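I opened this entry to record what I looked up in the structure.

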Amino acid sequence: DSNFSFQKTSNNKLRKNIIFLQIFRDSSFKWVDRNRIFVDQLDWFLQTMKILSKSREKWHVKIHPSSTRWGENQKIWINSVMKKLFKKDLPKNIFFDTEKISNNDLLKRAEKIVSYHGSIINDAIAFGIKPISVNENTATYYDKKLAHKPKSIHEYIQLLNDKNLKNFKNSKKQSYDAKKLIFFKENFFEIRSSIN
């Protein structure tokens, strides 16, 4: 999945605020987190779309690059859900990225990153971004200051609407710590190394 997500692309469109989707069929209960403010990924996605529909900023929703490989056509599913949610076309400030754009290219240009959970949170931190993460992940277990993990829906809304971009930056040391975490996770805790 990581190799697929970071394939090189030639697209240079500037995307500043990005929602990274997970595969909806994938369980959201890998991390038992009683303080999570959304029931699951679907609840998070629907509530986030409602909040962003009132935003003055442009938001790009990145479909998971491996979703079709996992048997999930997110384009069809999202279009159906959006029609029910908004009763008309998508709000003009929300765009769905259906192009195959490298996460690497997106993270180089992004200012705000939001995701339910997943490796993209660790990747964003490694790029010096302080992302918004709903669920716990490797980096936030290590250091809660590496990412925003809202404790209430009110705090989540404030973060999404926060225009102070300094609040979404990590230091070089924090970025380096995230790179070390990714290295350890991929080299020491990967199941492939156990089964050869």
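Predicted model: local features only at pLDDT ≥ 70, side-chain atom pairs only at ≥ 80, totals over all residues.

I then located L159 in helix 7, which spans residues 153-161.

Next I listed the contacts of L159, leaving out residues up to four places away in sequence: K112, I132, H148, P150 and F168. I also checked P131, which is 28 residues from L159 in sequence and has its C-alpha 9.9 Å from that of L159.

Helix 7 lies across strand 2, strand 4 and strand 5, and runs at about 145° to strand 4.

Five strands form an open sheet in the order 3-2-1-4-5, with parallel pairing. Strand 3 (94-97) and strand 5 (132-133) are at the edges; each has a single partner strand, so one side of each lacks a neighbour in the sheet. Helix 5 (residues 119-126) also packs on the sheet, where I found it touching strand 1, strand 4 (112-115) and strand 5. The direction of helix 5 makes about 160° with that of strand 4.

Strand 1 (residues 17-20) and strand 2 (residues 59-62) run parallel and are joined by three bridges, and I19 stands opposite V61 of strand 2.

Last, I recorded totals. The protein chain has nine helices and five strands, and 47% of its 196 residues count as buried. The chain exposes about 11,600 Å², of which carbon and sulfur atoms supply 53%.

How values were computed:
Residues numbered from 1 in each chain as written. Heavy atoms only, no water. Helix = DSSP H or I, 4+ residues; strand = E, 2+ residues; numbered from the N terminus. Contact = heavy atoms within 4.5 Å. Buried < 20%, exposed > 50% of the residue type's maximum accessible area, 1.4 Å probe, protein only. Areas by Shrake-Rupley, 256 points an atom, 1.4 Å probe, with all protein chains shown as cover. Pairing = 2+ DSSP bridges. Axes fitted to C-alpha atoms, helices over the stretch in contact; angles between N-to-C directions.
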